[in-house]
Structure formats: C-alpha cells, structure tokens
Amino acid sequence: LAAREYFQTDAPLLIHTADHIIHSNLIQRLASKSLGESDADCYVLIEKKFRHLSGLPATTVKCQLDGENIASIGRNVPIGVAEGIDAGLFLCSKQIFNSIAAVAASQLYI
C-alpha cells in the first residue's frame, strides 16, 4: 500500500514476485494484455501442471477455476481441490490497491 502514491497513471501494474523464474516470452505476453478487454481487475499466471511437485510450502497460493476465470485463490484453498498454483506474475489495475486496503482493514496478515 505504501507504493500506491508512485502509480499516478491508469496504466496496469505488472507484478513479478522474486521467488519465481519466468521466461521473458510469458512476461511479454501478459504485459501486452489489456485489462479493458474484460471485466477483470487482474490477470494471474497460474501453473496447472503442479501435481508432480513435491514439498510445496504452506505459503503456496492455490486456486480453483471457473473456466478460464479464477473462482477462488489463496493459501486456504485445499490442495485436493486446487486446479492451479500461482506462478508469480500478475497484471493488475490500480483497483488492486483498494482491494488490498480492504483486506488489510478486515484481517491480520499471517
């Protein structure tokens, strides 16, 4: 939330988490998306082929899908029903700051 003041335009934010290695082609493909093409506030790169991975940490962000849309996302999604895990790349509108503020006001970060 402290970074909000540095984003004064309506351009989307491309967020790449430091704990993932992502091929530059995927970054370019996601960065070229327009959030105006849909009602999405955010695009999330997910890995659907994760069942073979062992030792996933408790902090793994898992998701359930509704077609190509994310129906549920978070650490609390049970691994048994998860259809993907976040791959560390997000394209978000500035609305993300309002969403983060709402969550921060309603619950503690653990």
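**Exercise 1.** Leaving aside its neighbours within four places in sequence, which residues is Ile 79 in contact with?

*Solution.* Start with the ground rules. This is a predicted model, where local features need pLDDT of at least 70 and side-chain atom pairs count only at pLDDT 80 or more, while totals for chains, interfaces and linings use all residues. Residues are numbered from 1 along each chain as its sequence is written, and side-chain values use heavy atoms, with hydrogens and water left out.

Next, find Ile 79 in the loop between strand E4 (69-74) and E5. Helices (H or I, at least four residues) and strands (E, at least two) are DSSP runs, numbered from the N terminus. Contact means heavy atoms within 4.5 Å. With neighbours within four places in sequence left aside, the contacts of Ile 79 are Phe 50, Arg 51, Leu 56 and Lys 62. Take Lys 62 from that list: Ile 79 and Lys 62 are 17 residues apart in sequence, with 7.1 Å between their C-alpha atoms.

**Exercise 2.** Find the residues that make a nonpolar surface patch with Ile 79, and say why Ile 79 can belong to such a patch.

*Solution.* First, the members: Leu 53, Leu 56 and Ile 79 make a patch of about 220 Å². Areas like this come from the Shrake-Rupley method with a 1.4 Å probe, and for residues only the protein chains shown count as cover.

Second, the rule. Patches are made of residues with over 30% relative accessible area and no salt bridge; like charges are joined within 9 Å, and nonpolar side chains (Val, Leu, Ile, Met, Phe, Trp, Tyr) within 5 Å. A salt bridge is a side-chain nitrogen of Lys or Arg within 4 Å of a carboxyl oxygen of Asp or Glu.

Third, the check. Ile 79 has a relative accessible area of 41% and is therefore partly exposed. Leu 56, in the loop between strand E2 (42-47) and strand E3 (62-66), is partly exposed at 33%. The scale is this: buried means under 20% relative accessible area, exposed over 50%, and partly exposed in between (1.4 Å probe, protein chains only).

**Exercise 3.** How many residues of strand E5 are buried, and which strands pair with E5?

*Solution.* Begin with the cover: 9 of the 9 residues in E5 (residues 84-92) are buried. Now go through the partners, remembering that two strands pair if DSSP finds at least two bridges between them.

- Strand E1 (residues 13-16) is antiparallel to E5, with 4 bridges; here Leu 14 has Leu 91 as its bridge partner.
- E2 also runs antiparallel to E5, joined by 5 bridges, and Ile 46 is bridged to Asp 86.
- E3 pairs with E5 in the antiparallel sense over 2 bridges, and Lys 62 stands opposite Ile 85.

Finally, look at Asp 86, which is buried because its relative accessible area is 13%. Among its contacts beyond four places in sequence are His 20, Val 44 and Val 61.

**Exercise 4.** Which residues make up the largest nonpolar core?

*Solution.* Recall the definition: a nonpolar core is a set of buried Ala, Val, Leu, Ile, Met, Phe, Trp, Tyr and Cys residues joined through side-chain atoms within 4.5 Å. The largest one has 5 residues: Ile 22, Leu 30, Leu 35, Leu 89 and Leu 91. Then follow Leu 91, whose contacts beyond four places in sequence include Leu 30, Leu 35 and Tyr 43. In soluble globular proteins, nonpolar side chains tend to be buried together.
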